[in-house]
Amino acid sequence: REKAAHAEEADAAQQKLSTRVNEYQACLESVGVNAVSLKEWTQRDSEKQQDVIMLEEQIQKAMDELKDSRKALQEDVQREEDFSQTIAEVREQLKLTREAADKEGAASDGEDTASETGDDD
């Protein structure tokens, strides 16, 4: 008897569930949704998810390339700054060498003038 009562309860619950499923299906169909359209929508949704994943990968790749380009540009700028500093140092050395040469030239000119004056006496 208990089994029979339990079976009746299960049948009633199953019947109630089937009724609700049918109502839900009728509601979906009333707005133009059926099993075929749901399958198509699911397929499109899956494809769109794949597109999103592909786009995310492309964006990440572009960001990585941008990071690499930025690093390369920073290295170029640093090399340019180092080169400019080297040029400035070389110019300063040339200036000092010129000044020293000018002083030596002036000193030797003075000696030459003095020795020439001494020779003439």
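A salt bridge is a side-chain nitrogen of Lys or Arg within 4 Å of a carboxyl oxygen of Asp or Glu. The model toured here is predicted: local features need pLDDT of at least 70, side-chain atom pairs count only at pLDDT 80 or more, and totals for chains, interfaces and linings use all residues. Residues are numbered from 1 along each chain as its sequence is written, and side-chain values use heavy atoms, with hydrogens and water left out.

Of its 121 residues, 0% are buried, where buried means under 20% relative accessible area, exposed over 50%, and partly exposed in between (1.4 Å probe, protein chains only).

Next, select residues 2-30, helix 1. Its end C-alpha atoms are 42 Å apart, in agreement with the 42 Å that its 29 residues should span at 1.5 Å a residue; the expected span is 1.5 Å times one less than the number of residues. Glycine 32 follows helix 1 and has a positive phi, near 90°.

Proceed to helix 2 (residues 35-120) and display arginine 79 and aspartate 76, which lie three residues apart, about one turn of the helix. Their closest N and O atoms are 2.2 Å apart, forming a salt bridge, and the structure holds one such bridge. Aspartate 76 is partly exposed, at 39% relative accessible area.

Finally, select methionine 63, also in helix 2. Methionine 63 counts as partly exposed because its relative accessibility is 48%.

Notes:
Helix = DSSP H or I, 4+ residues; strand = E, 2+ residues; numbered from the N terminus.
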